Structure formats: structure tokens, C-alpha cells
Amino acid sequence: MARAVRSSSPGSRRVPSRRVPSRPVPSRPVRSQEVVITTDDPLLDAADATLAVRARDGDVHAYEVIARRHGPLMRVYAARLLGSDLESDDVVQDAFMTAWRRLADLDDPSRVRNWLMRIVSNKAVDRLRVRRDHDDVDRLEVSAPRHETPERVVEARLQLDAMWSALDKLPLDQRRCWLLRETADYSYADIAEALDLPVSTVRGKIARARVFLMTEMEAWR
């Protein structure tokens with residue numbers, strides 16, 4: 001069979017080869033062997049942006065360094081919201097799996113920590129909602145004081161539902177700030193560090209959230 005010969009005439013222009021797109025990131029970190037991170041691993045000193053870009057291209061090792069670097073803060077954050085170390089481990093694991101699948105959505109690799117904190121915050125709030133939905137009146141009544149009638153227990157449950165409905169109406173950052181302050185007892189500085197926001201912004205968001213919630217819950221006062 002005759003072979004096609006590329007023209008090499010002076011007037012011809014060479015067309016550059018098209019870049020082969022990188023393969024999509026798998027739905028979960030997959031590797032043929034366990035990646036061991038040692039103290040002399042050069043990636044340990046890499047910037048977040050470098051690690052995030054490599055992870056986005058499918059580098060599991062880089063992603064594990066990200067998890068090692070930011071996982072402890074995420075666990076503390078989730079544990080303070082949930083009041084449970086066991087649940088926080090599950091939530092953080094779920095957050096890392098979700099983040100791995102959504103790495104293509106990370107617009108600014110240098111802000112990967114802030115992005116991860118938003119994901120784990122959403123997961124923790126979802127877990128609180130599930131916990132609320134599975135709390136039945138009978139279980140609440142058992143732990144209630146003897147002077148609490150079934151009617152009072154039902155009223156408390158309705159009030160809690162109303163509070164969650166009001167929280168759902170808040171802008172996302174206001175809801176996160178309020179939950180960390182009121183349920184996890186975070187300081188303004190801790191919230192600012194966790195969410196990568198100025199302290200003044202945190203104070204403002206919490207103040208606006210409190211005013212909104214007071215208005216929404218007026219009927220229950």
C-alpha cells in the first residue's frame with residue numbers, strides 16, 4: 001500500500017498538532033498502590049494553587065497532600081457544628097469525595113482551602129437537617145422534664161422547624177457565620193479564619209442574620 005507523503009514545498013505551512021485533552025478526573029481517587037507521604041516529600045511545601053492544579057489534572061498524591069494539610073481544620077469545624085467527632089469524620093470524608101469529583105469547578109486554585117470549607121460546611125448543615133428530620137416527638141418527650149406536656153413538646157418541635165425554615169432563607173455566608181457563632185460557639189476571629197473572611201465582614205453578617213431571624217421568629221416569642 002502506498003504511503004501518503006506530506007508536502008514539503010516552501011509555500012506549505014505546518015499545522016501544529018492539536019493538544020490532547022487531559023483525561024477526566026475519576027469519580028473517586030483511584031491508585032494502583034498506596035501513596036506514602038514522607039516528611040521529605042517535596043509536595044509538602046508546595047503552594048495550595050500548585051497542589052490544586054495537579055489534583056485537578058488527576059494527581060491523587062497532590063490531593064492527598066491537600067487533605068493532609070486542610071483535613072484537621074475541616075474536622076474541627078464539622079465537629080463544632082455537629083457536636084460529634086464521629087459524625088465529623090464522616091462529613092469530612094464525604095466533603096473530600098465531593099470535592100474530588102468537582103475539582104473542575106474550582107475557579108481559583110489558590111483558594112482551595114476556602115472552597116473545601118464551604119463544601120464541608122454544606123455537608124455539616126445537611127447532616128443537621130437529616131438529624132432534625134429523624135427526631136420524632138416520642139424521643140423528645142422521653143427526655144423532656146415531667147412538667148412538659150405533649151403539647152409543649154410538639155410546640156418546641158414546630159418552633160425548631162420554623163427556625164430551620166428561617167435559616168434556609170438566609171444567604172449562605174450569613175447562615176454559616178450564624179451557625180458557627182450560635183451553635184458551635186466560634187469566636188469572630190475563628191469564623192473569619194475558617195471561612196476566609198475579614199472579621200468585620202463576619203460581624204456584619206452575623207448581625208444581619210440575627211435581625212432577620214428575630215423578625216422571622218417574632219410569632220414564637
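**Close-up 1. Arginines over the ring of Tyr188.** Arg203 sits over the face of Tyr188, 4.1 Å from the ring centre. Arg181 also lies over the face of Tyr188, at 4.3 Å from the ring centre. A charge counts as over a ring if NZ of Lys or CZ of Arg is within 6 Å of the ring centre and within 35 degrees of the ring normal. This is a predicted model: local features need pLDDT of at least 70, side-chain atom pairs count only at pLDDT 80 or more, and totals for chains, interfaces and linings use all residues. Residues are numbered from 1 along each chain as its sequence is written, and side-chain values use heavy atoms, with hydrogens and water left out.

Close-up 2. Val202 lies in helix α9 (residues 199-216). Helices are DSSP runs (H or I, at least four residues), numbered from the N terminus. Val202 has a relative accessible area of 0%, so it is buried (under 20%, with a 1.4 Å probe and protein chains only). Beyond its neighbours within four places in sequence, Val202 contacts Cys177, Tyr188, Ile191, Ala192 and Leu197 (heavy atoms within 4.5 Å). Val202 and Ala192 are 10 residues apart in sequence, and their C-alpha atoms are 6.2 Å apart.

**Close-up 3. Aromatic pairs.** The model has 3 aromatic pairs. Rings of Phe, Tyr and Trp (its six-membered ring) pair if their centres lie within 6.5 Å; planes under 30 degrees apart are stacked, over 60 edge-to-face, the rest tilted. The centres of Tyr77 and Tyr186 are 6.3 Å apart and their planes meet at 90°, so this pair is edge-to-face. Tyr77 is in helix α2 (residues 60-82), and Tyr186 is in the loop between α7 (172-182) and α8 (188-195), 109 residues apart. Ring pairs also join Tyr63, Phe96 and Trp100 into a cluster.

Notes:
Helix = DSSP H or I, 4+ residues; strand = E, 2+ residues; numbered from the N terminus. Buried < 20%, exposed > 50% of the residue type's maximum accessible area, 1.4 Å probe, protein only.
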